[in-house]
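Open your viewer and get ready to select residues. Two stops are planned.

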Amino acid sequence: MSDAETAMFLAAERTVTCATVGPRGWPHLMPLWYVLRDAPASAPASRIWAWTYAASQKVRNLERDQRATLQVEAGELYQELRGVMLECEVVIHRDLETVKAFGHELFARHASPRGEPPATELPSEVVAMVDMQARKRVALEFVEGRRASWDHRKLGGTY
């Protein structure tokens with residue numbers, strides 16, 4: 001996929017599989033909801049952000065080794081398969097205000113149907129739940145180092 005196709009694909013999807021290195025050296029794979037955020041001007045691409053429990057195994061793994069591989073994929077039939085794999089360094093954000101603000105952004109994205117802009121306002125009960133959850137969570141910023149992508153729809157039936 002081109003950079004533009006990759007950006008459109010990542011903006012359309014909602015769940016990323018995150019692989020970290022577990023304590024016994026085995027890959028630890030877990031799904032995460034994510035938001036695609038603009039990266040600083042010096043960075044080559046937008047960045048995937050997610051949140052998770054601060055005491056989760058993936059956070060423990062990232063504290064030992066800040067590398068993660070992400071995969072976002074779509075398609076049911078072989079000729080429809082497409083996806084993006086990203087090798088990343090991960091920044092763990094623990095500041096409560098940063099985590100809270102990201103939680104609001106994440107839930108706003110998932111409050112709208114797929115393909116529509118994020119909700120402009122969350123219901124007060126969702127805001128209260130996110131604010132309470134934020135105390136136990138961290139925000140994960142995935143800084144892309146390398147990328148691979150595929151789109152079997154472009155193969156034209158030749159495999």
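The tour below visits a pocket, then a pair of helices. Keep in mind that this is a predicted model.

Start with the largest pocket. Its volume is about 230 Å³. Select Ala 11, Arg 109, Glu 116, Pro 117 and Pro 118. Of the 15 residues in the lining, these are the closest to the pocket's centre.

Now colour helix H1 (3-12), strand E3 (35-37) and helix H3 (96-111). Each of these elements gives two or more residues to the lining. H3 supplies the largest share, 3 residues.

What classes of residue make up the lining? Count 8 nonpolar, 1 polar and 6 charged residues.

How do H3 and H4 lie to each other?

Select Leu 96, Val 99, Lys 100, Gly 103, His 104 and Phe 107 in H3. Across from them in H4, pick Val 126, Val 127, Met 129, Val 130, Asp 131 and Ala 134. Colour this contact by class: 8 residues are nonpolar, 2 polar and 2 charged.

How values were computed
Residues numbered from 1 in each chain as written. Predicted model: local features only at pLDDT ≥ 70, side-chain atom pairs only at ≥ 80, totals over all residues. Heavy atoms only, no water. 1 Å grid on protein atoms, 1.4 Å probe; cavity = no way out; pocket = protein on both sides within 12 Å on 5 of 7 lines; lining within 4 Å. Points joined across faces, edges and corners; volume = space filled by probe spheres on them. Helix = DSSP H or I, 4+ residues; strand = E, 2+ residues; numbered from the N terminus. Nonpolar A, V, L, I, M, F, W, Y, C, P; charged D, E, K, R; others polar. Contact = heavy atoms within 4.5 Å.
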